[in-house]
Amino acid sequence: MSLLESAREGDWERDTDGAGSTQTDCETCTVIFRVLRSNDPVDEQLGEPQNIASSACHTHRELIEKALKVNLSETRVKMVTISKLPLILSTRIHGEISDEEPTLGSSALALINEPVPSIGNIIGLRVDPHWIDIAQLLEWKHMCDMKHGSDCNQVPLSMRSVSSRPTWLIDVWQRCLVPCPYDATYVALSYVWGQRRFLVAKRSNIADLQQPYALNSVDMSTLIPATVSHAIDIVKNLKERHLWVDSLCIVQDDEVQKKYEIEKMAAIYSQATLTIVAADGKDAFHGINGFRGISSPRSIRQDVFQLNEKASVIFHKYTHGYRESYWATRGWTFQERLCSTRRIILFEDRARWECKRCTWDEDIEEWDQDKPDEDKISLPEALLGGSKMFFHKLPNIYGLVGMINEFNSKNLTYPEDILDAFTGVASKLAGSLENGFISGLPALFFDIALLWMPAGELRQRKSKGNSLTKACLPSWSWAGWHGQIQERSWSSITSYVRNSRFASCSFVDHLDKPLVQWYYQETKDTSLKPIMNTWQTWQRMYNNSLVATPIGWTRHLISEASDCHTGCPPLSISKPEWFYRHVTEPDSTFWHPVPVPDPYILAKSNIASHYISCKTRRAFLIAMEPINHSWFARCLRDGSSADWLGVLLFHERPFPPSDPRWLFPGYAGMIVELVEVAFGSVSEYAELSEIEEFDHKERPRSGPCYEFYHLLYVEWEDGVAYRKGIGRAAKDKWEALELEPIDLVLG
């Protein structure tokens with residue numbers, strides 16, 4: 001029986017205490033009440049707009065018009081529905097227009113102050129329009145402490161050490177800097193600096209900042225920006241003693257100490273008892289409004305609709321809109337959000353709690369908030385776009401690319417900060433990627449990581465000269481460019497996954513193999529160091545049943561598998577006879593083992609290297625007509641014979657968009673220098689093509705696989721080559737050229 005049918009028969013709940021009564025003679029209003037109070041997901045039609053508009057009851061008409069922001073007598077909406085969504089159990093009204101047009105949707109609705117919690121999940125609350133209730137923030141923290149325990153205070157093993165603790169903290173009681181006590185809990189602040197200057201810790205004032213009440217002194221208090229000042233008092237009201245703020249807890253003009261602290265940023269935010277996210281404003285002078293006795297009052301308007309004499313609903317304003325704020329566009333705050341386990345979000349003068357188990361807002365109370373419902377509690381983590389990766393011992397390659405893309409879309413005041421801002425993310429990912437990163441590329445499979453491809457036009461980062469040391473913006477890393485890389489860039493690495501819930505696998509028979517030995521140099525004055533990427537070594541070694549399995553791994557015959565595999569094995573394993581399991585992922589299966597970092601060995605997570613070098617071969621070809629109607633993907637041709645050889649993906653336009661060399665496909669072309677860096681192949685029988693030239697009519701087709709060389713397009717300056725694009729050339733055609741051996745140095 002539908003809710004509308006049950007309403008017609010009078011089969012609906014009535015508030016036994018008399019408050020918030022849902023009794024009504026209107027069938028549509030009764031359905032709205034029932035959905036609002038339902039414990040289960042439900043979806044019901046309320047009717048066509050013209051019928052609702054002509055109803056004798058004005059209550060539900062006005063509610064629907066307010067919710068959808070339409071006039072039902074004039075709207076193009078065809079059908080109005082009300083639904084309680086799964087997972088979060090919030091109620092929304094929808095207006096369906098047509099299959100071609102998006103459905104109109106309301107904010108979440110909740111009944112205010114329902115007195116019987118057993119009959120509803122989400123209860124609306126009236127909030128003070130001027131002041132945030134500090135007691136509510138304390139209650140959120142207490143609830144998380146009591147109900148969630150270690151779930152919300154789980155710090156990766158690699159970060160649980162004295163060396164990963166902050167050097168300095170602000171003592172909010174004595175209002176000065178203090179060395180971080182070993183066992184101290186502390187709150188961290190995440191905020192936007194902006195362009196205006198304010199008080200920061202320097203070598204010249206670090207001693208003064210340690211004097212009791214130094215931050216109250218006239219000389220310093222006037223220089224502290226409002227956001228930092230307010231945060232100090234808020235932390236005191238939260239009954240915590242210590243606060244970590246980067247501007248005061250990192251000595252900004254001590255390059256050695258600053259670099260050391262930046263490398264610990266992920267651990268600092270991970271170990272904080274909670275993080276205050278000041279998401280309002282574009283600089284540190286904006287402040288945090290709404291705290292009585294601390295800051296200016298806020299001014300918020302709560303949207304309330306009166307259903308009858310005793311019942312009202314609120315239109316809940318979701319504060320996770322802070323992910324669209326200016327704060328959320330910044331590169332530094334990305335890692336701060338990602339690494340913080342518990343957050344009090346202050347955005348648009350409203351407060352919100354986020355942890356691994358729950359999200360709580362000022363105007364919403366969830367009666368089942370302490371239930372360990374796995375689907376429900378995972379929502380905040382899912383919104384963070386992959387933070388679960390931090391607690392897996394095995395790499396999630398597609399998740400890694402997604403995280404890099406999200407990070408690389410953020411903005412930095414100083415582009416040269418890119419690798420420093422990524423250090424926190426790299427530190428947390430080091431638990432699943434042996435040897436960490438070299439300028440943002442995983443060392444574990446560095447040769448393949450170097451094959452990242454642009455997902456569109458990139459913009460090369462240029463230093464603004466802020467750092468005391470030479471900026472590290474290598475052209476060979478994604479970190480040297482602003483923009484997105486293709487999700488499939490490292491898909492050949494995903495082929496280690498056979499079946500898994502935590503890591504996506506490869507659906508294409510694909511293989512990439514290193515050709516050269518790479519070395520890195522942090523600067524031109526330092527010695528060459530070999531890059532020890534061991535991925536392919538493990539892939540080859542454990543394709544032999546005589547080799548003992550590494551610790552933590554077990555080998556199983558294919559005949560023992562109780563499931564069908566979803567991931568294609570690497571082309572190097574043509575007919576797999578066995579698969580593997582790892583002790584930390586008992587429900588997943590793999591085609592071969594991969595190295596698992598020791599969590600107790602603290603390796604450097606992100607080496608900032610300016611240069612990499614190798615011995616390789618080069619040739620000069622012509623980049624000519626577009627392929628697949630893409631401006632940045634061009635066919636490669638032999639300059640003398642015009643034979644097709646492959647494809648080149650430019651990173652940025654070498655000519656303005658209006659230049660005729662882009663507009664006309666038959667133009668004379670552009671000479672490009674290409675160096676070979678890896679070998680690749682993909683099955684000719686692949687149902688999903690992952691390469692631009694796969695269907696090109698001139699591509700050679702012989703044998704079961706299309707074989708090719710991975711190439712980098714480079715330009716030289718003062719003896720150093722700089723990456724400008726990436727391409728592929730068909731194996732036989734590339735090898736038929738007169739290839740010149742060279743010593744390649746990429747900067």
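Helix axes here are lines fitted to C-alpha atoms over the stretch in contact, and the angles between their N-to-C directions run from 0 to 180 degrees. With that in hand, let us walk through this predicted model, starting with the overall picture and moving on to a helix pair and some aromatic rings.

**Overall picture**

The protein has 747 residues, and 58% of them are buried. Its secondary structure comes to 20 helices and 36 strands. If you take the contacts between residues at least 6 apart in sequence, 71% join residues at least 24 apart.

**A pair of helices**

Two packed helices are described by the angle between their axes and the distance between the axes. For helix H15 (residues 397–408) and helix H16 (residues 418–429), the axes come within 11 Å and cross at roughly 155°. Angles over 145 degrees count as roughly antiparallel, and H15 and H16 are therefore roughly antiparallel to each other. The crossing in which H15 passes H16 is right-handed.

Which residues make the contact? On the H15 side they are Leu400, Met403, Ile404, Phe407 and Asn408, while H16 contributes Ile418, Ala421, Phe422, Val425 and Leu429. Sorted by class, the contact of H15 with H16 holds 9 nonpolar residues, 1 polar residue and no charged ones.

**Aromatic pairs**

Searching the whole structure turns up 20 aromatic pairs. Two of them are set out here.

| Pair | Centre to centre | Angle between planes | Arrangement |
|---|---|---|---|
| Tyr496 and Trp535 | 5.3 Å | 90° | edge-to-face |
| Trp553 and Phe590 | 5.5 Å | 80° | edge-to-face |

Where do Tyr496 and Trp535 lie? Tyr496 sits in the loop between strand S21 (481–482) and strand S22 (497–499), and Trp535 belongs to helix H18 (residues 535–541), so their pairing ties together parts that are 39 residues apart in sequence. Residues under 20% relative accessible area count as buried. Tyr496 is buried because its relative accessible area is 0%, and Trp535 is buried because its value is 1%.

The pair of Trp553 and Phe590 is edge-to-face as well, with planes at 80°. Trp553 is in strand S26 (residues 553–557) and Phe590 in strand S28 (residues 585–590), so this pair ties together parts that are 37 residues apart in sequence. Both Trp553 and Phe590 are buried.

Notes. Residues numbered from 1 in each chain as written. Predicted model: local features only at pLDDT ≥ 70, side-chain atom pairs only at ≥ 80, totals over all residues. Heavy atoms only, no water. Helix = DSSP H or I, 4+ residues; strand = E, 2+ residues; numbered from the N terminus. Parallel < 35°, antiparallel > 145°, perpendicular 65-115°, else oblique. Left-handed = near helix turned anticlockwise from the far one by under 90°. Contact = heavy atoms within 4.5 Å. Nonpolar A, V, L, I, M, F, W, Y, C, P; charged D, E, K, R; others polar. Phe/Tyr/Trp six-rings, centres within 6.5 Å; stacked < 30°, edge-to-face > 60°. Buried < 20%, exposed > 50% of the residue type's maximum accessible area, 1.4 Å probe, protein only.
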